[in-house]
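Dear colleague,

I am passing on the structure below, together with some notes on what turned up when I went through it. Please read them with the model open beside you.

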Amino acid sequence: MEGYGSTTGGVRQKQVRALGLTPTDLAKALGCALVPPLVFMVSSVCLCFRFRFKYPRGAWFAAALFLAPAVFAGYATSRARRSGLDGRWQKLATILLVVASLAAFVVGDLIYWYFSQPF
């Protein structure tokens, strides 16, 4: 009865366990896949459209606020390291969020200077 959807395990659960992943790891992986693109999208939009044309400093401030998830992920990484836990997902999240933020700053600035600045 083990492979027929019983609660004691199944084929899928055995495959996931064979990879060394838990349901918590899968949730962290999903977060690492979804949050950095959202940070990139919102930060770059703040820097390349009308909001930046009207409020240049406010746009940079709004975009810089999206570095906060990277800071929190870095803090979680250091806490995991100090407590001896596995901090691989937090480290990956920190790296992805920093790269997404920096890329959004560059892309948003390039789009603004290329398309909006001449007007």
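Asp109 is partly exposed, with a relative accessible area of 23%, and in this predicted model its side chain meets that of Arg52 in a salt bridge, with 2.9 Å from N to O. Arg52 lies in helix H3 and Asp109 in helix H6, which spans residues 88–116, so the pair ties together parts that are 57 residues apart in sequence. The two partners can be set side by side in terms of cover: Arg52 counts as buried at 6% relative accessibility, whereas Asp109, at 23%, counts as partly exposed. The side chains of Arg52 and Asp109 also make a polar contact, again at 2.9 Å.

Helix H3, where Arg52 is placed, covers residues 50–54. What else is Arg52 in contact with, once its neighbours within four places in sequence are left aside? Apart from Asp109, the list comprises Cys46, Leu47, Ala59, Trp60, Gly108, Tyr112 and Trp113.

The structure holds 2 salt bridges, and the other one joins the side chains of Asp86 and Arg88, also at 2.9 Å from N to O. Here Asp86 is partly exposed at 46% relative accessibility, while Arg88 is exposed, with a relative accessible area of 60%.

One of the residues in contact with Arg52 is Cys46, which brings me to the cysteines. How many disulfides does the structure hold? The count is 0. For Cys46, the closest cysteine sulfur is that of Cys48, and the 8.8 Å between the two sulfurs is too far for a bond, given that a disulfide would need the sulfur atoms within 2.5 Å. Cys46 counts as buried, at 16% relative accessibility, and Cys32 is buried as well, with a relative accessible area of 11%.

On the surface, there is a nonpolar patch formed by Leu38, Met41, Val42, Val45 and Phe49, which together have about 440 Å² of accessible area. Of these residues, Val42 has its place in helix H2, which runs over residues 23–48, and at 30% relative accessibility Val42 counts as partly exposed.

Ala76 is found in helix H5, residues 68–83, and is partly exposed, with a relative accessible area of 28%; Gln90 has its place in helix H6. Although Ala76 and Gln90 are 14 residues apart in sequence, their C-alpha atoms are 6.3 Å apart in space. A second pair involving Gln90 is that with Gly74, where the residues are 16 apart along the chain and the C-alpha atoms are separated by 7.1 Å.

Terms used:
Residues are numbered from 1 along each chain as its sequence is written. This is a predicted model: local features need pLDDT of at least 70, side-chain atom pairs count only at pLDDT 80 or more; totals for chains, interfaces and linings use all residues. Side-chain values use heavy atoms; hydrogens and water are left out. Patches are made of residues with over 30% relative accessible area and no salt bridge: like charges are joined within 9 Å, nonpolar side chains (Val, Leu, Ile, Met, Phe, Trp, Tyr) within 5 Å. Accessible areas come from the Shrake-Rupley method with a 1.4 Å probe; for residues, only the protein chains shown count as cover. A salt bridge is a side-chain nitrogen of Lys or Arg within 4 Å of a carboxyl oxygen of Asp or Glu. Helices (H or I, at least four residues) and strands (E, at least two) are DSSP runs, numbered from the N terminus. Buried means under 20% relative accessible area, exposed over 50%, partly exposed in between (1.4 Å probe, protein chains only). A polar contact is a pair of N or O atoms within 3.5 Å; within protein, one must be able to donate a hydrogen and the other to accept it, and residues adjacent in sequence count only if both atoms are side-chain atoms. Contact means heavy atoms within 4.5 Å.
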